[in-house]
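Hi everyone, thanks for coming. Please have a look at the model on the screen, and then we'll walk through a few parts of it together.

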Amino acid sequence: MKILNVEQIRALDAYTIKNEPVSSLDLMERASNAFVRWFCNQFVNTRPVAIFCGKGNNGGDGLAIARILSSSSYDVQVYIIEYTDKASQDFQSNLTRLKDHLQPVSVTAQGSFPTLAPNVICIDALLGSGLSRPAEGLLAHIIDSLNALPNKLVSVDIASGLYADKSNQKDDPIIEPDFTVSFQLPKIAFMMPQNSKFVGSWHLVDIGLSEEFIKNAETPYHYTDKRTAEKLIKPRDKFSHKGTFGHALLMAGSYGKMGAAALSGKACLRSGVGLLTMHIPSCGYDIIQISIPEAMAITDQNAKHLSEVTDLTSYSAIGIGPGVGKNATTVQVIEQLLNSINADDINARLIIDADALNILSENRHLLDKLPENTVLTPHPKEFQRLAGESKDEFERLQIGIDFAKKHKVNICLKGANTAVILPNGEVHFNSTGNPGMATGGTGDVLTGIVTSLLAQKYEPETAAILAVYQHGLAGDRAADQRGQSALIASDLVEHLGW
């Protein structure tokens, strides 16, 4: 699914109006009906509703929503915020239609904010996605007043005061909704951790905008939903054998951190690899042989950490990093590994995670040795050490795009809506996962999944996108059974399913 910017959304609306054809007022009616269908499934009509409308098209949506809800036996009160003398044409048309159903209340001063009972559902239709400057004056007061209420709060399309595709300033007045019901496509603002409280739980409703326009629109931003992810999965041929699905090498573990190696190895196997060999320090031999009997083990000559690189010619993918530590000899191992892949025409795809990423950050000459299409899986702090600091998540994303292009690598920037950044500058945000996954070891599981898919000859960008989706999906399945607080990394492995 594509994510479009404000100008493209405006052009999409105009294209739909011209080519369907449909009037802008009828398109607004369609959007409002879609919102109401979602709303009625969420809230029963015994709950009173208060709708706060600006005087642009977002406010016009609010007026239409009020009329439709009123016709569906909801007790609705509309408050029009008189922050300007100007109003859009569609707002005026919907205001005329509304007056046959109920009489709105004008709010003209900061002291006239209504008193609302706690059971009233508030709907924010103050400002839309075309916002170009922070809310101020009466609008800012209304936003602050709504945020101070204990009432459930739902935003129409986007929270008022929130920019759709750029960063707000720290003190900008922005609605803090429980829900955002957005039209047709998500906004890039929804993907940014800094905007979490300004988005709430967001939902898309289809309003019939032009599929032709969306298909032809160029954007670097995408959203990996279920339909997108399932199309990436390769079907298995009836006459396949273990050699068909590749041979992966995982270089993982150190004394006291063999659990990371075990998690990564189990996830690799659960993700469909044909053969798995694990290169581990000799202290982990019994652990791996007992905990992962399906894997083969190569023990390093060093008992506590990796100190050598094995023959790489038989592997189709190599993963390194989970639990390896940052011993000086392990730094040499990573450099030797990169030199071997570059010098010996090794065809194995490479994924680097965890301590191996920190070694890259501290030995920056190694970045120039990364094979093209290597997959890196940093969490935000690892990424900061790797690529530099940023003042906000929009800037961090751009730094990630620049880094991926420069080094020709794929980056899985982990977090809510993990961003998979490709060497061509595309960014694929993920739709699965939950806060229960914020626990030690889940990153090791992701490394195993990516390594497995690379071994199975998925293209690196596809492997990264699909692995992140399946990783989050396993976390969602596990949370459904265990609850988020009880979730541990081993639960993800057990809930992987293809």
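This is a predicted model: local features need pLDDT of at least 70, side-chain atom pairs count only at pLDDT 80 or more; totals for chains, interfaces and linings use all residues.

Residues are numbered from 1 along each chain as its sequence is written, and side-chain values use heavy atoms, with hydrogens and water left out.

Let's start with helix α14 (residues 442-455) and helix α15 (residues 460-482), which pack at an angle of about 140° with their axes 9 Å apart. Helices here are DSSP runs (H or I, at least four residues), numbered from the N terminus. Axes are lines fitted to C-alpha atoms over the stretch in contact, and angles run from 0 to 180 degrees between N-to-C directions. So α14 and α15 are oblique to each other, oblique being what is left after under 35 degrees (roughly parallel), over 145 (roughly antiparallel) and 65 to 115 (roughly perpendicular).

Now zoom in on Leu-453, which lies in α14. Is Leu-453 buried or exposed? Leu-453 is buried, because its relative accessible area is 1%; buried means under 20%, exposed over 50% and partly exposed in between, with a 1.4 Å probe and protein chains only. Its C-alpha atom is 9.3 Å from that of Ala-248, 205 residues apart along the chain.

Finally, Thr-330 sits in helix α10 (residues 328-343). Thr-330 is buried too, at 1% relative accessibility.

Terms used:
Helices (H or I, at least four residues) and strands (E, at least two) are DSSP runs, numbered from the N terminus.
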